[in-house]
Protein chains: 2
Amino acid sequence: MTDDSDRGTRRISDRTIAILAHEKFPERAKTAIGVMRYGDYDVAAVIDRDTAGDRVTDHVPDLEDAPIVDSFEAARDLESDLDALLIGIAPIGGGFDESWRPDVTAAIEAGCDVISGLHYFLSADEQFSVLAEETGVDLWDVRKPHDDLTVSEGIAAEVGADVVLTVGTDCSVGKMTVSQELLGAARERGIDAGFVPTGQTGIMISGWGNPVDRVISDFTAGAVEEMILEIGDEHDLLFVEGQGSIVHPAYSGVTCSILHGAMADALVLCHASGRDAVHGYESFPLPPLPEYVDLYESLAEPVHATSVVAGALNTSEIDGDVDAREAVAEYSEAIGVPATDPVRFDADGALDAVLEGVDR
Amino acid sequence: MTDDSDRGTRRISDRTIAILAHEKFPERAKTAIGVMRYGDYDVAAVIDRDTAGDRVTDHVPDLEDAPIVDSFEAARDLESDLDALLIGIAPIGGGFDESWRPDVTAAIEAGCDVISGLHYFLSADEQFSVLAEETGVDLWDVRKPHDDLTVSEGIAAEVGADVVLTVGTDCSVGKMTVSQELLGAARERGIDAGFVPTGQTGIMISGWGNPVDRVISDFTAGAVEEMILEIGDEHDLLFVEGQGSIVHPAYSGVTCSILHGAMADALVLCHASGRDAVHGYESFPLPPLPEYVDLYESLAEPVHATSVVAGALNTSEIDGDVDAREAVAEYSEAIGVPATDPVRFDADGALDAVLEGVDR
């Protein structure tokens with residue numbers, strides 16, 4: 001895997017990969033699904049010993065199809081020209097599951113790079129790093145921030161592109177997905193749009209980016225600003241992947257740093273239908289939806305005035321499309337701007353509102 | 001220096017130290033002054049080659065007096081039983097000034113511990129670490145977070161103590177000082193009060209603490225919570241040292257993490273008279289004072305409802321006491337709660353408001 005710049009940018013397109021997702025595909029393989037849905041990799045196989053023998057579309061019909069196999073060796077038997085193994089799952093805590101060691105070892109021995117978003121850095125694993133040195137492969141730990149990050153200067157707004165940030169009512173409501181759907185819809189209309197990744201899946205999809213939740217807190221806004229400055233004059237529109245929520249008991253600082261570091265021209269508020277308490281912190285009820293609009297806008301204003309111009313609702317918990325449309329309409333009503341579920345329906349209505357919003 | 005616990009707590013009282021402040025005492029030696037004013041160290045000498053020969057009280061009349069000398073060796077000639085050398089200044093960027101190397105080397109050779117709040121870790125300096133190993137001294141880098149930090153659980157409010165957090169309109173308005181003045185005033189009234197340090201000077205004064213601006217952003221709220229859980233049942237009242245400001249272009253994430261991690265029962269809003277733009281970011285005007293009250297309260301509310309109950313104004317830029325009192329009165333009027341300058345006048349009025357506030 002080629003390191004193209006100081007920022008650790010990797011080439012993604014035309015690279016053939018296998019995705020490790022043992023015992024978790026597809027429901028608990030969020031990274032694998034995100035990479036398959038939005039990445040430019042050529043996915044030769046998914047590795048999952050539980051569903052081996054099935055095909056990807058048996059489980060997720062709208063993904064590009066690929067076989068599911070039980071090991072890296074089996075993936076290589078199908079496709080001898082593999083470029084990389086991508087770890088597409090994460091146990092709670094982000095540790096390394098020792099049952100994956102044979103697959104990772106086999107990949108490195110076969111000359112394949114390994115792409116990982118685990119908190120446990122493969123490059124710090126003695127066995128893997130020695131072996132990778134011998135075979136000349138790249139162990140890409142996407143959650144490892146680069147070394148020369150610094151404080152924000154408060155100048156992200158100076159780039160040529162209009163900047164759109166996805167913000168959320170909570171963690172895991174679909175901010176990365178919404179950013180990607182809006183990006184895709186904008187590009188379909190011929191708009192020169194770029195993506196600023198802030199989390200592991202976004203970084204894997206893009207081949208570059210700062211994992212902001214792993215950055216020293218003094219430099220978190222700076223890590224976002226750095227990325228916007230890096231590509232902000234190359235595009236007309238930028239979608240910045242948000243993280244967490246401004247009222248999250250643990251992660252609000254990350255959210256606040258992104259909000260002020262990005263100096264966005266427009267915000268898209270993301271929510272998941274049925275969510276009424278903070279994910280994993282059930283004793284904390286979510287505040288009423290309009291309060292989020294006020295909070296994000298009033299907090300952003302002293303650094304860079306902006307407003308919530310569109311909403312995105314994840315309706316995956318709702319069975320029928322009629323009920324889902326009703327939920328989206330209620331959500332739009334509550335936050336006072338157009339909304340959609342860009343995965344279930346399409347991103348066009350939200351994109352219209354975004355384009356109007358940044359044009360104001 | 002004894003390491004008393006996993007948290008790296010150090011004994012402070014009855015330790016005799018020299019404070020290095022070359023070319024910066026007193027105006028640009030904020031850490032030295034803070035440690036001398038609020039710490040329990042016995043300060044044998046200040047080391048500053050520019051003011052050597054003077055005495056501390058020639059420059060700062062209200063500090064305990066000590067001689068100023070030009071080197072560690074000279075300090076040791078005056079007091080042979082030195083326990084530690086404390087670095088009381090920081091160049092912009094937090095690097096190590098090589099002109100200090102002879103003093104630090106001499107201290108380690110003499111068996112003295114070295115206490116440093118620099119970004120540059122003395123323990124990572126090859127020469128110092130080898131020498132420290134030989135002489136058995138402790139290189140205490142107070143800005144180095146301990147390794148086992150984790151995410152906040154949102155349970156700081158469960159401790160027995162009432163928690164008071166100092167928040168600010170900007171960086172460098174005196175949050176640490178205000179916390180210490182309130183702590184001292186509470187103890188004078190016989191209240192069992194504790195201090196939760198979040199920055200380098202506070203940590204040096206207290207002998208323990210997490211430097212929250214150096215913590216990985218995901219764990220910043222957790223680092224605050226951990227400290228409150230550690231001492232929150234041993235006291236009736238806790239003063240938590242705030243950092244930054246909620247509208248700071250670079251550091252707002254740290255502030256937000258402390259606000260939500262601390263789950264404070266009352267907030268004290270700190271400001272410096274005459275400050276009308278963000279320190280070091282002059283193109284960002286400070287918002288009107290009442291907006292800070294609304295912002296801090298509305299942002300805190302979904303995690304733990306609290307309110308601004310008192311204000312502290314740093315009036316050091318104002319010459320006369322009459323004008324300073326007027327500025328304090330205007331500040332109190334603007335934020336709608338009692339206020340004072342606890343350094344220039346006293347902390348009693350603010351403490352009364354705090355005690356009433358946590359009692360509600």
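Helices and strands are taken here as DSSP runs numbered from the N terminus, a helix having at least four residues and a strand at least two. In those terms, Met263(B) falls in the loop between helix H9 (252-262) and strand S10 (266-272) of chain B. The model is a predicted one, and a search of the whole structure finds 24 salt bridges over all chains.

**Salt bridges in chain A**

- Arg275(A) and Asp170(A) form a salt bridge through their side chains, with an N to O distance of 2.8 Å. This pair links distant parts of the chain, 105 residues apart, since Arg275(A) sits in the loop between strand S10 (266-272) and strand S11 (277-278) of chain A, while Asp170(A) sits in the loop between strand S7 (162-168) and helix H6 (175-188) of chain A.
- Asp170(A) has a relative accessible area of 1% and is therefore buried, the cut-off for that class being under 20%.
- Glu98(A), Arg101(A) and Asp125(A) are joined to one another in a network of salt bridges.

**Salt bridges in chain B**

- Asp62(B) and Arg37(B) meet through their side chains in a salt bridge of 2.9 Å, N to O. The two residues belong to distant parts of the chain, 25 residues apart, with Asp62(B) in the loop between helix H2 (56-59) and strand S3 (68-69) of chain B and Arg37(B) in helix H1 (residues 30-38) of chain B.
- Asp62(B) counts as exposed because its relative accessibility is 56%, whereas Arg37(B), at 30% relative accessibility, counts as partly exposed.
- Asp213(B) and Arg143(B) also meet in a salt bridge between their side chains, at 2.8 Å from N to O. Asp213(B) lies in the loop between helix H7 (200-206) and helix H8 (220-231) of chain B, and Arg143(B) lies in the loop between strand S6 (139-141) and strand S7 (162-168) of chain B, so the pair ties together parts that are 70 residues apart in sequence.
- Asp213(B) counts as buried at 13% relative accessibility, and Arg143(B) likewise counts as buried, at 10% relative accessibility.

**Annotated region of chain A**

- UniProt, in an unreviewed entry, places the feature "domain: D-glutamate N-acetyltransferase-like N-terminal" at residues 50-145 of chain A.

**Cis peptide bonds**

- In chain A, Phe25(A) and Pro26(A) are joined by a cis peptide bond with omega of about 0°, and Pro26(A) is placed in the loop between strand S1 (16-20) and helix H1 (30-38) of chain A.
- In chain B, the peptide bond from Phe25(B) to Pro26(B) is cis, with omega near 0°, and Pro26(B) is found in the loop between strand S1 (16-20) and H1 of chain B.

- Glu23(A) is not a glycine, yet its phi is positive at about 65°. Glu23(A) has its place in the loop between S1 and H1 of chain A, and with a relative accessible area of 39% this residue is partly exposed.
- Met263(B), which is a residue other than glycine, has a positive phi near 50°. Met263(B) counts as buried because its relative accessibility is 5%.

Key. Residues are numbered from 1 along each chain as its sequence is written. Chains are lettered from A and ligands numbered from 1 in the order in which they are written. This is a predicted model: local features need pLDDT of at least 70, side-chain atom pairs count only at pLDDT 80 or more; totals for chains, interfaces and linings use all residues. Side-chain values use heavy atoms; hydrogens and water are left out. A salt bridge is a side-chain nitrogen of Lys or Arg within 4 Å of a carboxyl oxygen of Asp or Glu. Buried means under 20% relative accessible area, exposed over 50%, partly exposed in between (1.4 Å probe, protein chains only). UniProt positions are given in the numbering used here, feature names are shortened, and annotations may be inferred rather than shown by experiment.
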